[in-house]
Amino acid sequence: FLGIRDLSLIQTAPPRRQAIKTYIIKEDDLTLKSAIEKELSRGGQVYYVHNRVHDIEEHELYLKKLVPKARVSVTHGQLNERELEKRINDFYEHKSDILLSTTIIESGIDIPNANTMIIDRADTYGLAQLHQLRGRVGRGSSQSYCFLFSHPRISERTIERLQVLEGTNDGFEIAEADLELRGPGEFLGTRQSGVLPFKMADLVRDKEWLFRAREDVLELLKNDAQVIRSENLPFRKLS
């Protein structure tokens, strides 16, 4: 399936936007308090992502106790559409300082004044979703930050995975790293991770060779669609 669609690349960010600085932080009250207060002190706002609806009210009380002067608003998918829209608009109009939310904000939200993203238990998310959530900040010209708050006892492999986000804001690099770490799974099956049983090639390491092989195959099929010419018969045995 390699290359069955054309690919358009946008390799430059909009003008005046700075790369988002990302840090892996072990769960710690003082670090969290410092990150929030630093953002609020410069007049900015904070996203705090917590994806367990059943205890989101406990986190609301926790944030209000941790940063008493901050105005905290809560959004999640169990709110009706009207109330959800109102709370997001209130945050946009800076009627609240912290938006405590589930991952429903991962797309379609553009609030330039919100320049710090805190993701609770970031070790439980995939790289693609973390990158998508991080994209809610950095919408204006101010320096933005993303803090990946993780359980203190996460594995070395998980740390390695999260360090990809510390090192780049490039979605293509992140996708390749995710592919390399998790494997692509099955294209025509249900398995969503794991390595494909190629005898020689590696999808990440050998991508340039795979693209060249695709071009050769397309050229062959253009001139011999049924693969019946004598010089091409060996390829039929490989199909």
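Tyr 145, Phe 147 and Phe 149 point to one side of strand 6, while Cys 146, Leu 148 and Ser 150 point to the other, and all are buried. Buried here stands for under 20% relative accessible area, exposed for over 50%, and partly exposed for anything in between, with a 1.4 Å probe and protein chains only. Because 6 of the 6 residues of strand 6 (residues 145-150) are buried, this strand is largely enclosed by the rest of the structure.

The model is predicted: local features need pLDDT of at least 70 and side-chain atom pairs pLDDT 80 or more, whereas totals for chains, interfaces and linings use all residues. Residues are numbered from 1 along each chain as its sequence is written, and side-chain values use heavy atoms, without hydrogens and water.

**The sheet**

Strands of a sheet pair through backbone hydrogen bonds, either parallel or antiparallel. In this chain, 6 strands form an open sheet in the order 1-6-5-2-4-3, with parallel pairing. Strand 1 and strand 3 (72-75) are at the edges with a single partner strand each, so one side of each has no neighbour in the sheet. From one strand to the next, the twist averages 20°. Strands (E, at least two residues) and helices (H or I, at least four) are DSSP runs numbered from the N terminus, and two strands pair if DSSP finds at least two bridges between them.

| Strands | Sense | Bridges |
|---|---|---|
| Strand 1 (residues 21-26) and strand 6 | parallel | 6 bridges |
| Strand 5 (residues 114-119) and strand 6 | parallel | 4 bridges |
| Strand 2 (residues 45-49) and strand 5 | parallel | 5 bridges |

Within strand 6, Phe 149 is the bridge partner of Ile 25, and Leu 148 stands opposite Ile 119. Tyr 47 has Met 117 of strand 5 opposite.

**Two helices in contact**

Helix 4 (residues 127-134) packs with helix 5 (residues 156-167) at an angle of about 35°, and their axes are 11 Å apart. Axes are lines fitted to C-alpha atoms, for helices over the stretch in contact, and angles run from 0 to 180 degrees between N-to-C directions. Helix 4 contributes Leu 127, Leu 130, His 131 and Arg 134 to the contact, and helix 5 contributes Arg 161, Leu 162, Val 164 and Leu 165; contact means heavy atoms within 4.5 Å.

**The whole chain**

The protein chain has 8 helices and 6 strands. Of its 239 residues, 39% count as buried. Among contacts between residues at least 6 apart in sequence, 69% join residues at least 24 apart.
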